[in-house]
Amino acid sequence: MSTFVELLLNGVSMGSVYALIALGFVVIFKATEVVNFAHASLLLAGGYVTAVLHDDIGFWPALLVGIAGAALVGAAIEFLVMRRYRGHDHSVLAIATIGVDILLVTDLTRRIGTDVLAVGDPWGDAVLEIGPLTIAHTRIAAFLAAGLLITAFLLAFRYTSWGVAMRAAAENAETAALMGIRLGRVSLGAWAVAGGLAAVAALFLTVFPTPGLERATSLAALKAFPAAILGGLDSTTGALVGGLVVGITESLATGYQSDLTFLGRGLGELAPYLVMVAILLVRPAGLFGTKELARV
Amino acid sequence: MSDVLTKPAPEAATPRTRKLPGPRVYVWLAGFVLLLVLPFYLERFWLQAGLFAMAAAIGAIGLNLLTGATGQLSMGHAFFLAVGAYGYCAFAGDGADGLTGLGLPTWLAAVLAVGLAGVAGGVFSPIAGRLRGAYLGIATLALIFIGQHVLFNAHDLTGGFNGRDVPPFSIFGLTFDDSELLVAAVPFGTAEKLWYLGLVLLLAGGLFARGVLRGRPGRAMNAIRDHQIAAGVMGVPVARYRAAVFVLSSMYAGLAGVLLALVFQRTVPEYFGMVLSLEYLAMIVIGGLGSVSGAVVGAVFVSLLPQILTRYSDSLPLVSEAGTGGVSPGEAAKYLYGAALVAVVLFLPGGLVRLAARRPKASSAQPSGTEGNDR
Amino acid sequence: MTTPRAHRSRRPHKATAAALAALLAIAGAAGCSSKAKDKDSGKAGAGGVKTDVGVTDKTIKLGVLTDMTGVYATLGKSVTQAQQLYVKQANAEGGICGRKLELVVRDHGYDPQKAVAGYSELEPDVLGFAQFIGSPFVAAVKQRITTDKALVLPQAWSASLLGSEYIRVLGSTYDIETINAIDFLMKEKGLKKGDKLGHVYFEGDYGENALAGSKYMAEQNGLTVVEQKIKPTDNDMTAQVAALKKAGVKAIVISAGPRQAASLVGVAAATGLTVPIIGNNSAYAPQLLGTQAAPALEKMYYISTPSLPIGDDAEGPSKLAADYAAAYPKDSLDNGVVAGWTAAETFGEALKRACEAKDLTREGVDKALLGIKDWNAGFGVHDFTDPSAPSSLESVIIKPDKAAKGGSSVVREAEISDAAKSFKR
């Protein structure tokens, strides 16, 4: 039983980190209808800046610079690439983000080289013990930070003018533009927000129990795909739920892999995708996604 | 684009094809003859690179039918390549290596492997049929992960991490292996022999796809891409078309997989991962969405670029030889490939093939009739 | 509207024609050199030494197929630099057989297509391969290696590579290494019959070959193996530790990368699973000592390796460590350096012996290597007389050590366990 609870808690905390990534992903999709394959590079950029700077300026300032840096990278992608596209096909633009991702990830991994960069976080490998359960402080921090950010974001989305503009743009870009909403700013903001969220996620992906930032860290961004889709690509709540589902599924599938050997070992990576396919079969637009209404 | 408006009516296109062949045809013929003689001159490395490009081109044609012409984003192409490659091994293998093998004649195995890839596409199409746009793209990503899991875990069928040996293809008593065959004093090994097989397959695949795209189905597919509901209203059986294109595209991928397996002489599970799927998407975007020539050009570009850079890394500026620090050829290839992808999307909508079509005169920037039809 | 446009499109495409002409020219030029089938086998060169591919009177070319941009970048970089160092030193001493050594390096980034292409490209030009990373790729070209007869020293220790006289595995394979590791656990860390042993391993040749070793030991000694298969992309071992804890394991073997090992040890220590953990050679990198996992690693982690660590005081390691640090001051000293050096030195030794026999052909070098027995390259004793066995069954047990050069120190000297001797591959 305690194993189950431990796995569940681990899944929830990992899931909240995935939710951060997925949220950024969803925000970009909502504002621009583009599937962002460059999310991995945003993640890596944020983590890299934090890891490189923490020795000189301390952890918290480094984290802030990292978040700002990733936001800047996101905004730059929007400004230099997304905005320049003159076609209408969002799939093509999505494929362009693959190109952006290749460029950035190649450059960052070249810089990181073969190192494992510590981020210098204050939590270390301390754990909290509640009866038979042990939870790492980093995991509690991840959960709290993700919860806080997601709540703040949802509120901003609802009550600030930026949020209203964003929702309007997602609803109908043309009408929104006619109403005086500057679509360029909305999408710039979306990319910046996604970058910042990815940087925070990068932090929690590189602290204990992971040794530090290295070239493969960016692969965690892949977890955001099933998370964002199974929640519904245009739903922020969906991103949160999707992230948690992915985290928990992964944790349980790994922890109980000896009981699931008939499916082959090493299920952790696959399980979220199976859950995603199952959900899509029942709800083609994800759990919370809006069904597309088409005008002919 | 304004293609739709300027597209010639189908009746107008018919008389054109009855006229005498123009110079364009001779250029094509010359190119084809050149391809035929290459094995007599090129060393194995280049032939192999060319074969990788041919296999990629076949796969890319398939993906272009699905993603370029019909607008269905697929990230699962690598999965169907794997089905083709492993399917061929399983059908043709004789079981001597302890892995499942039916020991069928290799030509039959190749045909069946392509069919199997089609069946795999058919099995997935109920899911694919329900999903649209980005949802479909990411759902097909699941195929990659499922594929990798099966390839690594179904030892008896796939050989697990070690992969399995690919039985050499043979037809009409000719075996495509390293047993030397002297043709005009040039020794023909695997690469030389497969070169011709690859050419035949690519030509057949290309012509068939061209036929599909230029005919009624092609217009229906484009209609689905441009507006699915409008297409349905106009009487295009959308669901049936989407499923059929999915199956067809999977079969192309399966064929590419068989050819790749024959070139590799051993299937390796790592190869059929997500990176491969993304490469195929990059190919069709770089080459040109929706046309056969676009797929071929893109495939050649994406698969030859890293090979050329690695080969000539010594004489390239800014690129340092592997192991000396600085930008290695592998990294340089990735930079170029990423940059090319972004640049094509931004500055060359329509891909590299549009570059050729645009050349003649600035005022006639309109795509020529044929390309307009391909789109 | 349609007709004139169609007309225009049929104008000769000068650009295309020009491109084709250029291509033809290139093809023609290539035809002169490449397809001439004159394998000058058995030609006698300088000093009356027979040579064929990759050897001229002045140089000996060796191929290096490495991974410096893919998943094994860490290993590939160290191995390649160590080999370049060896070549530099050998050339400074006048080369081998009066000829300078030359490495031709190709980085395949762990991509099968590039690896196979790299082999096709280099094979016609080089005598043999001093490095080939990725056992699936070696397996992919195995047939061709057999016909080409070029000596290949893979930087992979999978037992599936054994059995060819042209592909020679240096040092113990993963299964042997794991057997020796468990032998250490049983003899010195209190693991006993009836206990459960956790094994966290990578999907793929490395992990699954190591698993074969632990299964053999379990069978021999009445242990139960609790398997946890992971992927190279898994960096967080929390769920694995929870599962192993639940199973009640008394020790853990990890056959994965350094990061996974660090995470596993860190989580185990933090959650009170204080059992000895031992990893294969590839499951440790000194870079880890700069991370937060360092204290836990020093406390409860061991590594089984085929050769002495680079930080050892013996003559071979200390000289190499000093030379390497001088040549590549920015790079860390890890076991990849030892592995690369050993491979280069082995190739060099084979070349020297082939030179004595006046036969620097591919077959001559293969034969020379087959005659090498009880030979110590400074890091361990090798025996190349049996192609079906790795060149050594020894493993040294080391542990992470911040104070030591190279980040590790020896716990148990090189030893061949009885089980390693009786193990049938």
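Two residues are taken to be in contact if their C-beta atoms, placed from the backbone, lie within 7 Å. By this criterion, in what is a predicted model, the contact between chain C and chain A takes 36 residues from chain C and 30 residues from chain A. On the side of chain C that touches chain A, at least two residues each are supplied by the helices α3 (73–92), α9 (238–247) and α10 (258–270) and by the strand β8 (224–230). Divided by class, this side of chain C holds 13 nonpolar, 14 polar and nine charged residues.

Within chain C, the domain assignment gives domain 1, which covers 44–172 + 312–392, and domain 2, which covers 174–305 + 397–422. The C-alpha centres of domain 1 of chain C and domain 2 of chain C lie 29 Å apart, and the contact between these domains takes 18 residues from domain 1 of chain C and 17 residues from domain 2 of chain C. On the side of domain 1 of chain C that touches domain 2 of chain C, the residues divide into eight nonpolar, eight polar and two charged.

Chain B contains 17 helices and six strands, and of the 375 residues in chain B, 57% are buried. Among contacts in chain B between residues at least 6 apart in sequence, those joining residues at least 24 apart make up 73%.

The largest nonpolar core comprises 374 residues, of which A57(B), L341(B) and V265(C) touch the most other members. Helix α4 of chain B (residues 44–69) contributes the largest share of this core, with 18 residues. Because domain 1 (44–172 + 312–392) and domain 2 (174–305 + 397–422) of chain C both give residues to this core, it lies between them. When residues up to four places away in sequence are not counted, L341(B) touches I95(A), A96(A), I98(A) and G99(A) of chain A, together with A282(B), V285(B) and I286(B) of chain B.

Definitions and conventions. Residues are numbered from 1 along each chain as its sequence is written. Chains are lettered from A and ligands numbered from 1 in the order in which they are written. This is a predicted model: local features need pLDDT of at least 70, side-chain atom pairs count only at pLDDT 80 or more; totals for chains, interfaces and linings use all residues. A nonpolar core is a set of buried Ala, Val, Leu, Ile, Met, Phe, Trp, Tyr and Cys residues joined through C-beta atoms within 7 Å. A residue is buried if 20 or more other C-beta atoms lie within 10 Å of its own, exposed if 12 or fewer, and partly exposed in between; C-beta atoms are placed from the backbone. Helices (H or I, at least four residues) and strands (E, at least two) are DSSP runs, numbered from the N terminus. Domain bounds come from an automatic or database domain assignment. Ala, Val, Leu, Ile, Met, Phe, Trp, Tyr, Cys and Pro count as nonpolar, Asp, Glu, Lys and Arg as charged, and the others, Gly among them, as polar.
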